[in-house]
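Visitor: Hello! I am new here, and I would like a friendly tour by question and answer.

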Amino acid sequence: MNRFDARLGDILEPVRDIAVAELLETMAKMLDDGHSVTAEPKCRSAEGAVVRSGPLSLPRRRDLMVGSGRHALAREVSVAGHLGFEPITIVEPDGFVCVIAPFAWNAMDLLVEAPAVAWSAAEMLEEDNQGAAATLKSPAAEASGEEKHPPPAAQPYPVAEEVPEESDTNGADRGHTAREPAWLPLRRWYLEWFQSRFSDEAPDLEGALHALEGPVEDPAGWRFTIDLGSAPVEALSDLVLALSATGAARVRIGNAGY
């Protein structure tokens, strides 16, 4: 185990278990009906090459490929509802904050926020952690003996070079804009966990991520949707590490309504 796995496992393993159980049950039903089934195949072109798509040029996996005779069709497995738990706030020594609220393992919403002003750590934790089950410090923060809620970096995002203020045709001032976080650590995380990682817990599955869609920019920041497939909880703790390496200061994991 690495980073937060031991502490996150008790909370997030049941979230994963729901999605994995649904995948295995659907697979078993298809087999019982006499179909051939391939679990979690990579999406490929007619020529057999792995297909890459999206802004980050990433491959993806289907849930199942179900065959009958000469024909095979992709089948995506839906998971109804969410498993509730109190939001978890993770704080890094440099002020990086990650809030994890209830989400579906196969359709996780991720928001990398772009705040207009710098938040204090106290403000960030007060907003998201009222009644929260836990606030976790990284091992580095614990080892350093720093305060539980260290102040954030003075500038949440790397800022592009300043541009002289202008007035548009209506006379409105144009301010400076923040530079988009560097997504390379996130892309590397995805490609690493996209690879097969068989385990004794689910030997019929790949133990891998299925898809990452985004980033899509909106007024709140940059949004992603991630299908964690059958990847273990360790993948999510590594995601927190990758997000902190992008230069972002605050991210939120959790589906709409939480």
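**A first look around**

Visitor: What share of the 258 residues of the protein count as buried?
Guide: Welcome! Please keep in mind that this is a predicted model. A residue counts as buried when its relative accessible area is under 20%. Of the 258 residues of the protein, the share that passes this test is 43%.

Visitor: How many helices and strands does the protein have?
Guide: Both kinds of element are present in the protein. The count is five helices and twelve strands.

Visitor: Are α4 and α5 roughly parallel or roughly antiparallel to each other?
Guide: Helix α4 covers residues 184-194 and helix α5 covers residues 233-244. Their axes lie 8 Å apart, and the packing angle is about 160°. Angles over 145 degrees count as roughly antiparallel. The two helices, α4 and α5, are therefore roughly antiparallel.

Visitor: Which residues in α5 do Pro185, Leu186, Trp189 and Trp193 in α4 meet?
Guide: By class, this contact of α4 with α5 has eight nonpolar, no polar and two charged residues. On the α5 side, the partners are Glu234, Ala235, Asp238, Leu239, Ala242 and Leu243.

Visitor: Is Arg61 buried or exposed?
Guide: Arg61 sits in the loop between β1 (36-39) and β2 (64-68). Leaving aside neighbours within four places in sequence, Arg61 has contacts that include Glu40, Phe194, Glu206 and His210. Its relative accessible area is 4%, and the cut-off is under 20%, so Arg61 is buried.

Visitor: How far apart in space are Arg61 and Gly229, C-alpha to C-alpha?
Guide: In sequence, Arg61 and Gly229 are 168 residues apart. In space, their C-alpha to C-alpha distance is 8.4 Å.

Note on methods
Residues numbered from 1 in each chain as written. Predicted model: local features only at pLDDT ≥ 70, side-chain atom pairs only at ≥ 80, totals over all residues. Heavy atoms only, no water. Helix = DSSP H or I, 4+ residues; strand = E, 2+ residues; numbered from the N terminus. Buried < 20%, exposed > 50% of the residue type's maximum accessible area, 1.4 Å probe, protein only. Axes fitted to C-alpha atoms, helices over the stretch in contact; angles between N-to-C directions. Parallel < 35°, antiparallel > 145°, perpendicular 65-115°, else oblique. Contact = heavy atoms within 4.5 Å. Nonpolar A, V, L, I, M, F, W, Y, C, P; charged D, E, K, R; others polar.
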